[in-house]
Amino acid sequence: MAEESTQKKQDEPVQSEFDENDMKPVPKLVMLRAERDSLINDLVRDKAKEDPRYCFAAFADMSACQQEHGMIAGLWKCAKQNERFKLCMQWAFYNEKLRDQCKEEYVNKRKDYAKQNRERDEENQIRLRVVNEWMRREIDGEHKREPHQGTDAK
């Protein structure tokens with residue numbers, strides 16, 4: 001009887017716990033509000049200004065106009081270029097592709113910094129152990145070198 005029940009268990013296919021209908025959505029990257037609202041926006045702004053695929057041309061036009069007319073006069077004489085640049089930057093801030101690219105770049109930088117900090121902490125722990133071992137040896141060596149105070153020399 002026992003052999004039959006083990007035979008039936010071996011013949012039955014193993015049921016997976018995976019259920020396609022009960023799948024939960026994959027969570028997006030968890031970021032602090034400061035990271036999401038400030039740091040990512042800074043990356044988006046910098047990338048939009050520097051990358052020719054985004055707002056580099058508008059930024060270059062506005063900068064050239066302001067250099068030609070000066071900073072103060074450029075405020076009203078370069079209004080058209082400034083408006084074009086502002087519209088381009090607004091578009092860039094809401095461009096999901098650029099935003100996702102900047103988030104990925106930020107997360108990779110954050111991982112690299114965390115790795116560097118872990119390595120630095122491990123190096124510091126090793127240095128601390130070496131120094132502690134050296135100090136312990138020095139203290140033990142001093143105790144061995146000191147003459148006993150309780151003996152009388154006659």
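**Exercise 1.** Determine whether Asp51 is buried or exposed.

*Solution.* Step 1: the classes are buried (under 20% relative accessible area), exposed (over 50%) and partly exposed (in between), using a 1.4 Å probe and protein chains only. Step 2: Asp51 has a relative accessibility of 14%, so Asp51 counts as buried. Step 3: Asp51 is located in the loop between helix 2 (33–50) and helix 3; helices (H or I, at least four residues) and strands (E, at least two) are DSSP runs, numbered from the N terminus. Step 4: the side chains of Asp51 and Arg53 are joined by a polar contact of 2.7 Å. A polar contact is a pair of N or O atoms within 3.5 Å; within protein, one must be able to donate a hydrogen and the other to accept it, and residues adjacent in sequence count only if both atoms are side-chain atoms.

The model is predicted: local features need pLDDT of at least 70, side-chain atom pairs count only at pLDDT 80 or more, and totals for chains, interfaces and linings use all residues. Residues are numbered from 1 along each chain as its sequence is written, and side-chain values use heavy atoms, with hydrogens and water left out.

**Exercise 2.** State which elements of the chain have the lowest and the highest mean pLDDT.

*Solution.* Step 1: pLDDT is the predictor's confidence in each residue, from 0 to 100. Step 2: the chain has a mean pLDDT of 77, with 69% of its residues at 70 or more. Step 3: among the elements, the lowest mean, 54, belongs to helix 1 (residues 2–11), and the highest, 90, to helix 3. Step 4: where pLDDT is low, the predicted coordinates should not be read in detail.

**Exercise 3.** Describe the aromatic pairs of the structure.

*Solution.* Step 1: rings of Phe, Tyr and Trp (its six-membered ring) pair if their centres lie within 6.5 Å; planes under 30 degrees apart count as stacked, over 60 as edge-to-face and the rest as tilted. Step 2: there are two aromatic pairs. Step 3: the ring centres of Tyr54 and Trp91 are 6.1 Å apart and their planes stand at 40°, so this pair is tilted. Tyr54 lies in the loop between helix 2 and helix 3 and Trp91 in helix 5, 37 residues apart. Step 4: Phe59 and Phe85 also form a tilted pair, with 5.4 Å centre to centre and 45° between the planes. Phe59 belongs to helix 3 and Phe85 to helix 5, 26 residues apart. Step 5: Phe59 is partly exposed at 26% relative accessibility, whereas Phe85 is buried at 11%.
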